[in-house]
Amino acid sequence: AEEVGGGDKEVVREYFNNSGFQRWKKIYGETDDVNRVQLDIRLGHSKTVENTMLMLTEEGSLKGVTVCDAGCGTGSLAIPLAKQGAIVSASDISAAMVAEARKKAEEELLADNGGEAPVMPKFEVKDLESLDGKYDTVVCLDVLIHYPQSKADGMIAHLASLAEKRLILSFAPKTFYYDLLKRVGELFPGPSKATRAYLHAEADVERALQKVGWKIRKRGLITTQFYFARLVEAVPA
Ligand code: SAM
């Protein structure tokens, strides 16, 4: 797979170890020190996690299923996956994110002794381009937004090469309406606008999957006022 090198990745790593970590830890958390926009994004993101869990469990129990959560953030998906019995490998380019995810998993999974003890996810600081191994399922939520389509193609190809049965991706869709919103946002950047956001056309993501022999089986769209995500589940064609 093509390597994502240089610029974007270093900027993203630095951001998610510092100001981005503080910002997203709050958005993905439960505390009420968030503003209206952040609260809306929290809601949208939690719907993405919920829909992903639905897509995953629709095909049967997750017990013993190996899942790679690439770009795991604070563990929003890795923890519910482990609760369902999945064997989770969760990684992120940001050491701060991985530390937070591990802490949360220890709190939530060790405390949860309602049934059989869940297997603790294996957490690692790693960019997704250096992931290896094989997993039943690979999931990568809200990560592609940090990379232009030229880099995203290689990332998608690499993630597909790790997946044996299915690949679930979410990205900010490049629709006319959202494109317009983003342009307006660029004209009036708010104080929290710290990194560039890249939108992806669904057709481009689909083409990247087709190039490596995968096809989209299910699609979902999650929108709130300030959060937009296209969710796709791909399988070998
Ligand atoms: N997937 C998580 C979720 O949905 O809760 C986190 C989403 S957050 C918007 C994006 C995450 O991607 C950050 O934690 C960031 O550090 C991580 N990330 C960005 N580029 C990455 C890369 N090349 N490899 C691995 N992780 C990356």
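These notes cover the ligand site, the nonpolar core and the cysteines of a predicted model.

1. Basis. Residues are numbered from 1 along each chain as its sequence is written, and side-chain values use heavy atoms, without hydrogens or water. In this predicted model local features need pLDDT of at least 70 and side-chain atom pairs pLDDT 80 or more, while totals for chains, interfaces and linings use all residues.

2. Ligand shell. The ligand is surrounded by 22 residues, the closest being His45, Gly71, Asp92, Leu141 and Tyr147 (a residue is near if one of its heavy atoms lies within 4 Å). The shell comprises 11 nonpolar, 6 polar and 5 charged residues; Asp, Glu, Lys and Arg count as charged, Ala, Val, Leu, Ile, Met, Phe, Trp, Tyr, Cys and Pro as nonpolar, and the others, Gly among them, as polar.

3. Ligand nitrogens. A backbone N or O atom of Gly71 is 2.6 Å from a ligand nitrogen, and a polar backbone atom of Ile93 is 3.3 Å from a nitrogen of the ligand. From Glu129, a polar side-chain atom lies 3.4 Å from a ligand nitrogen.

4. Core. The largest nonpolar core has 66 residues, of which Leu81 and Leu159 touch the most other members. Such a core is a set of buried Ala, Val, Leu, Ile, Met, Phe, Trp, Tyr and Cys residues joined through side-chain atoms within 4.5 Å; buried means under 20% relative accessible area with a 1.4 Å probe, protein chains only.

5. Cysteines. There are 0 disulfides, a disulfide being a pair of cysteine sulfur atoms within 2.5 Å. Cys68 is in none, and the nearest cysteine sulfur, that of Cys140, is 8.4 Å away. Cys68 is buried at 1% relative accessibility, and Cys140 is buried at 0%.

Conventions: A polar contact is a pair of N or O atoms within 3.5 Å; within protein, one must be able to donate a hydrogen and the other to accept it, and residues adjacent in sequence count only if both atoms are side-chain atoms. Buried means under 20% relative accessible area, exposed over 50%, partly exposed in between (1.4 Å probe, protein chains only).
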